[in-house]
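Trainee: I would like to go through the packing in this model. Can we take it one question at a time?

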Amino acid sequence: MTSINEQPIPAARPVIGEDEIEAAVRVLRSGRVVQGPEVAAFEEGFSRLVDDRHCVAVNSGTSALHLLLLALGIGPGDEVIVPSFSFAASANAVRLVGADVVFADIEPGSFGLDPAAVEAAITPRTAAIMPVHLYGHPAAMDQLMTIADKHKLAVVEDACQAHAAALNGTPVGAFGAGGTFSFYPTKNMHSLEGGMVTTADAELARTLRLLRNQGMEQRYANEIVGANMRMTDVSAAVGRVQLGKVEAWTEQRRANAAYLDAHITAPAVTTPPVAEGARHVYHQYTVRISGDRDAAMAKLTEAGIGNAVYYPTPIHRLKPYWEPDQKAGRTWDLPETERAAAEVVSLPVHPSLTEGDLQRIAAAVNSLGENL
């Protein structure tokens, strides 16, 4: 039970400091508030996180996924291989362009797409693979890129939870045809709301810029059918401030995770493994709990330790996917996905944690004991 003098430790804590507030006010006073110099500067700054790829800022991570698929020409008749153990936006973007979602199972350690499962899911209609760098751990990109090259498939990276993560020195968002990032307030860095698409292809980047702005590069000279998915300069100004802090925050997250790795000893709890060569940036510190997960979460909550399950229902079991599959007589064999959804719990790891907070988190988890 939480002591009267102890405040609950939140599972996540968005950072909005005076620097961010001042940046937003500066832009509001300037009168240049949409798709202006702040957006361009944010794009230029973010490119340094992704091996100097072209960056195109948009209004959300979901828009980033949606527009990247559109720019790649993926649509009706195509299939995209996606993990079911992810936020629904990963699959929703595929559906929004009219393509079909094909679910593949995950690796138990990284929670990313299992390369063997991906290869088994490829059909003549497969157009792309969408690895998700879940919780901030990079997917098995070396193997997935080999598979994609072999079958001539596009790779669309969902890096919405993985700012500054890397595999063998290559940052996520710099592997495939394009990468996507989210700047939602609880992400490792944010812009109040927003997203980014990254690509090495200059022509693809130009298409993305057209798509986000009603198909226009010059006002009223519409070249293609587009949408309004622009980022505001207020968001970009906040994002620029956060971009200057994200590396320090990332190292603090990694240090917090290392502390928890070393001090969580409860037999019923498995701490998150890290693949060789991976830079895990711990958007979430996600453990597995064997036994009664609900009881464990209730005990943690009683102790004032924020906790949550990301994600309790795999995408293939959500109504918009489950019902059409049932009508079509289609089923998915995803044992690692089902197991992960039944076992995972995310604990606080954000950079605002104090040493005392970390001690409380480890002590509360260890108090769960062997039998839940």
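**Aromatic pairs and a helix contact**

Mentor: A search of the whole structure finds 13 aromatic pairs. Rings of Phe, Tyr and Trp (its six-membered ring) pair if their centres lie within 6.5 Å; planes under 30 degrees apart count as stacked, over 60 as edge-to-face and the rest as tilted. The model is predicted: local features need pLDDT of at least 70 and side-chain atom pairs 80 or more, while totals for chains, interfaces and linings use all residues. Residues are numbered from 1 along each chain as its sequence is written, and side-chain values use heavy atoms, leaving out hydrogens and water.

Trainee: Which class of pair do F42 and F183 form?

Mentor: The ring centres of F42 and F183 are 5.2 Å apart. Their planes make an angle of 50 degrees, so by the cut-offs the pair is tilted.

Trainee: How many residues apart in sequence are the parts that F42 and F183 tie together?

Mentor: F42 lies in helix 2 (residues 37–46). Helices (H or I, at least four residues) and strands (E, at least two) are DSSP runs, numbered from the N terminus. F183 sits in the loop between strand 8 (178–182) and strand 9 (195–199), so the pair ties together parts separated in sequence by 141 residues.

Trainee: Is F42 buried or exposed?

Mentor: Buried means under 20% relative accessible area, exposed over 50%, partly exposed in between (1.4 Å probe, protein chains only). F42 has a relative accessible area of 0%, so F42 is buried.

Trainee: Which class of pair do F111 and Y135 form?

Mentor: Centre to centre, F111 and Y135 are 5.3 Å apart. Their planes are 80 degrees apart, so the pair is edge-to-face.

Trainee: Is Y135 buried or exposed?

Mentor: The relative accessibility of Y135 is 1%. That is under 20%, so Y135 counts as buried.

Trainee: What is the distance between the axes of helix 1 and helix 8?

Mentor: Two packed helices are described by the angle between their axes and the distance between the axes. Axes are lines fitted to C-alpha atoms, for helices over the stretch in contact, and angles run from 0 to 180 degrees between N-to-C directions. Helix 1 (residues 18–30) and helix 8 (residues 233–243) pack at about 150 degrees, and their axes are apart by 8 Å.

Trainee: Which residue does the side chain of S63 contact through a polar contact?

Mentor: A polar contact is a pair of N or O atoms within 3.5 Å; within protein, one must be able to donate a hydrogen and the other to accept it, and residues adjacent in sequence count only if both atoms are side-chain atoms. At 2.6 Å, the partner of the S63 side chain is the side chain of N59.
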